[in-house]
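Here are my notes on this structure. Please read them with the model open.

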Amino acid sequence: MKGVRFWGTRGSLPVALTARDVRAKLLGALRAARGRPLASESDLESILASLPFAATGTYGGHSSCVQIDTGGPEFVVCDMGSGLRPFGQAATAERNGIAQTFHIFLSHLHWDHIMGLPFFVPAFIPGNRVVIYGSHAGLEAALRRQQDKPSFPVDFSIFGAKLEFVHLEPGRTREVAGLAVTSMLQRHAGDSYGYRFESSGKAIVYSTDSEHPLAHAEHAERFVGFFRDADLVIFDGMYSLADAISVKADWGHSSNIVGVELCQMAGARHLCLFHHEPVFDDAAIDAVLGETRRLEEITRTSRPLHVSAAFDGMEIAL
Amino acid sequence: MHLQIATRHVADAVIAAPAGRIDHRSAAEFETALTPLVAAAAAAKSALVLDFSAVEYISSVGLRVLMIAAKKMREREAPLLVAAPQSVVAEIFAISRFDRILTVTATLDEAMALCSPAALAQHRGAGSSEAS
């Protein structure tokens with residue numbers, strides 16, 4: 001297991017930069033360039049390097065889709081949000097006429113986590129194999145319904161690849177594409193499932209759309225065990241803690257604060273904030289990241305916990 | 001770790017001063033100690049001031065206890081104030097956005113001034129009655 005690549009990191013609803021957003025970034029860069037040398041490419045790169053990520057890049061707007069790089073020929077993916085479309089295009093580009101196999105693990109069946117399937121190019125290619133794993137009883141029916149008329153023009157009969165559905169029993173470890181995969185029930189409307197992937201002494205946890213009831217110690221213990229010594233925890237940090245336990249209680253999401261606490265208790269090495277609030281612009285996500293890093297710093301009791309915020313296209317090597 | 005809450009009445013307000021770490025281990029104890037104070041203050045519509053100057057850390061579970069206390073006080077239109085947090089705790093309030101849903105003051109004097117002129121005057125004088 002080499003690492004992960006994020007293809008979609010936004011929560012609930014895909015979003016896009018507007019012309020106004022792009023203009024604001026350009027203006028910010030031009031202001032930063034005032035009075036500085038501009039003659040060489042390195043001069044320009046130096047100016048860009050001095051700016052925050054939100055000024056020169058974007059966290060992106062695709063909904064949840066994360067590729068686990070197994071180091072092997074088969075693909076492993078978490079969730080089929082709109083980010084599945086660019087992932088499918090990239091995978092197809094490296095196909096070279098050889099049939100491909102995709103193992104896709106679904107956290108749950110809400111639209112933002114399944115909307116990419118109708119646009120997943122590899123599913124249209126005869127010879128390919130697409131195996132969809134999950135623990136929801138109605139998984140296949142939900143995916144078929146998404147493409148039934150009048151919601152979509154073509155149903156599953158359009159797919160040329162072989163589609164398979166595998167029901168996973170939570171807590172039971174299964175070998176898939178060289179990885180030991182274990183799922184766990186999470187608190188979310190209609191239930192969601194987190195996944196722990198292990199290989200060669202490395203562990204990645206994918207835990208999105210998961211609310212953490214703070215009063216229940218056994219709940220925290222269960223998650224601490226699931227996150228235990230993970231090299232990377234991809235965590236739903238959609239809301240502030242105040243929102244998550246007041247006006248947005250029971251909405252099924254968590255906060256950066258709880259992410260830091262669980263990872264610290266579990267001895268995890270890297271917390272990656274994920275499922276970003278769609279109303280947040282890049283600067284707001286930058287600010288949340290900065291605050292989360294500061295929180296980790298002032299509450300640290302043992303080894304440091306690295307904190308990042310996922311963006312579309314981001315790669316993390318283990 | 002045993003979490004202590006010392007209390008004292010100051011004019012028409014009550015000051016409660018927890019000490020130590022309010023974390024996953026001690027939050028239940030904090031809730032147990034705070035609940036009757038909140039109930040009494042809410043029933044009397046008195047201000048309850050939490051003097052946080054001796055609180056070293058508060059976790060999400062502890063913040064949840066504050067959220068519940070604030071809600072109960074609000075239902076009876078009785079003010080709840082958190083005063084004089086240490087810098088780490090003040091940062092946690094800001095990062096969690098609890099500073100937007102709780103009234104947090106930098107000093108105990110500021111909190112007492114928000115309670116009433118009598119509370120501020122008595123706090124600044126020597127006449128507060130101690131209890132624990």
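At what angle do the axes of helix H10 of chain A and helix H3 of chain B cross?

1. The axes cross at roughly 150° and come within 10 Å. Axes are lines fitted to C-alpha atoms over the stretch in contact, with angles from 0 to 180 degrees between N-to-C directions. Helices (H or I, at least four residues) and strands (E, at least two) are DSSP runs, numbered from the N terminus.

2. This is a predicted model: local features need pLDDT of at least 70, side-chain atom pairs count only at pLDDT 80 or more, and totals for chains, interfaces and linings use all residues. Residues are numbered from 1 along each chain as its sequence is written, and chains are lettered from A in the order in which they are written.

3. The crossing angle makes H10(A) roughly antiparallel to H3(B) (over 145 degrees).

4. Who makes the contact (C-beta atoms, placed from the backbone, within 7 Å)? H10(A) supplies A:Glu291, A:Arg294, A:Leu295 and A:Ile298. H3(B) supplies B:Val88, B:Glu91, B:Ile92 and B:Ile95.

5. Chain A has 10 helices and 14 strands. Its C-alpha atoms fill a box of roughly 60 × 50 × 40 Å along the principal axes.

6. Of the 318 residues of chain A, 45% count as buried (20 or more other C-beta atoms within 10 Å of the residue's own).

7. Take contacts in chain A between residues at least 6 apart in sequence: 71% join residues at least 24 apart.

Terms used. Angles under 35 degrees count as roughly parallel, over 145 as roughly antiparallel, 65 to 115 as roughly perpendicular and the rest as oblique. Two residues are in contact if their C-beta atoms, placed from the backbone, lie within 7 Å. A residue is buried if 20 or more other C-beta atoms lie within 10 Å of its own, exposed if 12 or fewer, and partly exposed in between; C-beta atoms are placed from the backbone.
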